[in-house]
Amino acid sequence: MEQLLTTAGARVEVLREAIGSWIGFYEDAYTITLATALRELPGLEPWIAEGTVRLAQADHHTPEAHARASWPQRRA
């Protein structure tokens with residue numbers, strides 16, 4: 001954790017945002033060891049919550065009709 005804080009320097013809030021939102025979005029059985037270690041950084045709770053909210057959102061995609069209008073199919 002010390003190396004991460006040293007690298008972040010004065011931008012610790014950016015580090016918190018990145019780590020917290022990553023944990024909230026990706027923490028599962030496969031990443032639990034890394035996520036647990038990263039949770040040692042204080043102040044992650046709001047960003048973990050944000051990552052969890054992002055995970056719960058529906059996948060974003062362009063509706064099919066709009067995609068055809070914007071990118072017409074090429075003619076052979």
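The model is predicted, so local features need pLDDT of at least 70 and side-chain atom pairs count only at pLDDT 80 or more, while totals for chains, interfaces and linings use all residues. Residues are numbered from 1 along each chain as its sequence is written, and side-chain values use heavy atoms, with hydrogens and water left out.

Let's begin with the overall fold. The protein chain has five helices and zero strands, where helices (H or I, at least four residues) and strands (E, at least two) are DSSP runs numbered from the N terminus. Read from that end, the elements run α-α-α-α-α. Of the 76 residues in the protein chain, 20% are buried; buried means under 20% relative accessible area, exposed means over 50%, and partly exposed lies in between (1.4 Å probe, protein chains only). Contact here means heavy atoms within 4.5 Å. Among contacts between residues at least 6 apart in sequence, 62% join residues at least 24 apart. The accessible surface of the protein chain is about 6300 Å², and 57% of that belongs to carbon and sulfur atoms; these areas come from the Shrake-Rupley method with a 1.4 Å probe, and for residues only the protein chains shown count as cover.

Now let's turn to helix α2. The buried residues of α2 are Val 12, Leu 15, Ile 19, Gly 20, Ser 21, Ile 23 and Gly 24. They pack against α1 (2-8), α3 (32-38) and α4 (45-56).

Neighbours within four places in sequence aside, Ser 21 is in contact with Arg 16, Trp 47, Ile 48, Gly 51 and Arg 54.

Next come the rings. The structure holds two aromatic pairs. Rings of Phe, Tyr and Trp (its six-membered ring) pair if their centres lie within 6.5 Å, with planes under 30 degrees apart counted as stacked, over 60 as edge-to-face and the rest as tilted. Trp 22 and Tyr 26 make a tilted pair, 5.8 Å centre to centre with 35° between the planes. Because these two residues are four apart in helix α2, about one helical turn separates Trp 22 and Tyr 26. Phe 25 and Tyr 26 have ring centres 4.8 Å apart and planes at 65°, so this pair is edge-to-face. Together, ring pairs link Trp 22, Phe 25 and Tyr 26 into a cluster.

Thr 31 sits in the loop between α2 and α3 and is buried at 18% relative accessibility. Leaving aside neighbours within four places in sequence, Thr 31 is in contact with Trp 22 and Tyr 26. Leu 55 belongs to helix α4 and is partly exposed at 46% relative accessibility.
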